[in-house]
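The structure is shown first.

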Amino acid sequence: MKMILKQFLKYYLKFITKIVLLIHRPLIISVTGSTNEFFVKNEIKRHLEEAHYDLRSNPKNFNTEIGLPLAILNLSSGYNSYKNWLPIIWQAFMSLFKLKFPKILVLGLGIDKRGDMKYLMSLVRPKIAIITDITQRYIESFSDMDDLVGEYKRFVELIGENGYLILNYDNQRIKKLAEFTKADIIPFGLEKKAPSLDNYWLGGVTEKTINGQTVIVTNDKETKQYSINRFGEHHVYALLIGLIVKKIILNLK
Amino acid sequence: MFNRVKNLQLSVIKQMEIRAAKYPDVISLAQGIPSFDTPACIKRRVERALRAGAVAKYSLSPGLPELREMIEISLAKENMFYDWQKEIIATAGSIEGITASVLAVSDPGDEIILPSPTYVSYKEVINLAGCTPIFVPLNEDKGWSFELDKFEKAITPKTKAILFCNPNNPTGTIYDREQLTGLAELAKKHNLFIISDEVYKDFIYGSSEKIFSLAELPEIRARVIRVFSFSKSHAMTGWRIGFIHSDESVIKEILKVHDCLVTCAPVISQYAAMGALEMGEGDVANFKKHYNRRRSLICSRLDKLNKYLHYIKPNSAYFVFPKILNNSDSVALALELLDKVQVAVVPGIAFGPNGEGHIRLSFGRTEAHINIAFDRLEKFFGL
């Protein structure tokens with residue numbers, strides 16, 4: 001019974017979501033990777049909200065086959081309760097008639113088994129796509145690392161030539177994925193690349209203080225210093241991605 | 001032989017439980033175990049990890065990256081900013097985190113300050129580390145609050161740390177921001193670590209919604225080791241899972257001890273902790289509602305015993321720590337209660353010298369159990 005409900009919800013929500021996206025045509029920014037999705041989404045949100053963009057992003061766990069459409073439609077989950085799902089099914093239907101919808105969606109895409117990415121990319125087609133990192137996290141459901149990376153390969157292949165792919169070039173597996181896309185690539189990392197790369201965004205921590213970190217960001221055009229009130233390299237990566245996304249969006253305007 | 005452990009004792013709480021187990025009809029208000037089962041959402045998360053074959057191997061010593069990342073996110077919501085990669089360790093419950101911390105920051109012969117009354121096992125951990133626990137009395141007349149001058153008087157050149165739980169077990173006291181920042185000043189002045197065990201922080205009653213933690217203050221992040229466990233908040237005492245966090249400079253030292261003690265926290269329990277952080281918020285709120293009701297119940301039942309027991313209404317946790325009127329021997333009373341009416345309580349002396357003359361009653365048990373226990377207590381006191 002539970003399986004039947006799950007399958008019904010999966011395809012019902014997909015159907016509604018696709019129609020809603022077709023009606024409103026928001027710009028979609030997708031974040032995927034083994035780690036750091038939450039902080040990257042937050043950083044993108046922070047930059048875009050500062051620039052007064054109307055956006056919506058998915059909460060941390062709403063990044064899979066049922067969670068993602070719920071997040072796009074701005075609905076909660078009924079979790080394991082049949083009763084709780086009834087009003088949500090109705091609200092999903094009513095979403096078709098809502099006039100107001102955000103202009104930008106910032107969506108994390110979560111994968112934990114083969115085929116997940118193909119399914120999620122059948123729901124959304126991002127204009128801007130980000131791969132934060134690929135590690136052995138969640139490898140249990142894959143036969144090996146190649147199998148896991150295959151999911152991300154599917155992701156980059158499906159980003160169109162008008163799209164942007166923001167890739168972590170500190171990760172060799174991600175760097176190789178650049179061969180499989182026609183999208184514009186914007187690489188970033190914390191390691192200097194030799195020979196130097198076009199359009200590369202380099203971040204580096206210059207100082208750790210009791211309040212956070214001082215970070216220098218360098219790209220083709222400029223070098224700038226930022227202070228972040230968080231600790232850890234993952235926040236430097238998030239900062240770089242946030243800055244790149246903001247720049248792309250401002251150029252698209 | 002056995003020199004290291006010859007002065008250690010099995011905690012009085014556990015001794016009472018072992019003794020109580022001999023009475024088939026005993027009602028125990030002794031051990032601080034929630035009456036609830038682990039929430040279903042947590043079990044489902046664990047089942048998923050089991051099915052995926054993810055739990056059979058060690059994790060990294062500090063814990064699964066995905067768990068530590070979630071911990072960083074949850075801490076940030078409470079105004080605490082720590083790097084999951086270098087500043088957070090998943091531990092086998094809070095006591096392993098406390099043991100690893102004490103072993104890391106102290107040398108044999110050092111002194112560690114404890115408020116009195118406080119949680120029983122701290123003393124034994126300090127003894128195990130070859131250190132000396134120094135008790136500083138809390139002021140019962142001021143709702144079991146800190147008196148900073150007494151703490152300062154207790155500091156000697158051998159003092160390495162101050163260890164306390166906030167909210168306090170057994171009194172249910174919440175230490176306020178002023179008291180805690182005063183303690184932080186002492187720590188800075190005398191170059192001490194502060195180990196803050198906050199396992200009951202989710203069960204706050206009355207006006208205050210959230211406790212203040214010294215781990216929120218960036219200027220002392222390299223002195224504060226904060227300890228948390230899922231045991232109480234998510235009814236997971238059997239899973240043995242918690243975490244500690246502090247500045248990178250401290251955590252890298254504690255990690256060496258943690259690795260020696262347990263290699264890593266149980267991986268299956270780390271997945272349970274992920275379930276708790278992902279989906280357990282509603283269950284914690286529900287537990288809190290129940291405990292608040294039980295607090296009212298136990299206080300109303302204690303009111304009827306006001307000729308024999310005097311209590312301060314706890315603001316948090318699920319313990320009440322009444323003073324025994326006309327009798328100062330808490331062990332004798334606890335044993336008498338067990339033998340005569342089969343109610344298990346913890347004698348106050350277990351919580352340090354200042355706990356003598358009190359007993360600890362847990363309202364983590366069901367309302368039915370509390371009522372039966374108090375019916376028996378009333379019989380015992382001749383009401």
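## A buried salt bridge in chain A

A:Asp170 has a relative accessible area of 14%, under the 20% cut-off, and is therefore buried. A:Lys193 is buried as well, with a relative accessible area of 15%. The side chains of A:Asp170 and A:Lys193 form a salt bridge, with an N to O distance of 2.8 Å. The residues are 23 apart and the pair links distant parts of the chain. A:Asp170 sits in the loop between strand S5 (164-168) and helix H7 (172-177) of chain A, and A:Lys193 in the loop between strand S6 (184-189) and strand S7 (201-209) of chain A.

The model is predicted, and the distances and areas given here are computed from it.

## Salt bridges within chain B

B:Glu278 and B:Arg45 meet through their side chains in a salt bridge at 3.5 Å, N to O. Because B:Glu278 belongs to helix H10 (residues 267-279) of chain B and B:Arg45 to helix H2 (residues 40-51) of chain B, this pair ties together parts 233 residues apart in sequence. B:Arg45 is buried, its relative accessible area being 6%.

The salt bridge between the side chains of B:Glu253 and B:Lys256 has an N to O distance of 2.7 Å. These residues are 3 apart in helix H9 (residues 248-262) of chain B, so about one helical turn separates B:Glu253 from B:Lys256. B:Glu253 has 32% relative accessibility and counts as partly exposed. Another group of residues, A:Lys208, B:Glu87, B:Arg221, B:Asp247 and B:Glu248, is joined into one network by salt bridges that share partners.

## The interface of chains A and B

How much area do chain A and chain B bury between them? The figure is about 1,900 Å², with 52% of it on carbon and sulfur atoms. Chain A contributes 23 residues to the contact and chain B contributes 24 residues.

Between chain A and chain B there are 5 salt bridges. One pair with a member in each chain is A:Lys208 and B:Glu87, whose side chains meet in a salt bridge at 3.5 Å, N to O. On the side of chain A that touches chain B, helix H2 (37-50) and helix H8 (233-252) of chain A each supply at least two residues. H2(A) gives the largest share of that side, 3 residues. By residue class, the side of chain A that touches chain B has 6 nonpolar, 10 polar and 7 charged residues.

## A sheet in chain B

Chain B holds an open sheet of 3 strands in the order S10-S14-S13, with antiparallel pairing. Strand S10 (319-320) and strand S13 (346-347) of chain B are the edge strands, each pairing on one side only.

S13(B) and strand S14 (residues 359-362) of chain B run antiparallel and are joined by 2 bridges. Which residue of S14(B) is the bridge partner of B:Val346? The partner is B:Arg360.

Methods. Residues numbered from 1 in each chain as written. Chains lettered and ligands numbered in written order. Predicted model: local features only at pLDDT ≥ 70, side-chain atom pairs only at ≥ 80, totals over all residues. Heavy atoms only, no water. Contact = heavy atoms within 4.5 Å. Buried area = accessible area lost by both parts, 1.4 Å probe. Salt bridge = Lys/Arg side-chain N within 4 Å of Asp/Glu carboxyl O. Helix = DSSP H or I, 4+ residues; strand = E, 2+ residues; numbered from the N terminus. Nonpolar A, V, L, I, M, F, W, Y, C, P; charged D, E, K, R; others polar. Pairing = 2+ DSSP bridges. Buried < 20%, exposed > 50% of the residue type's maximum accessible area, 1.4 Å probe, protein only.
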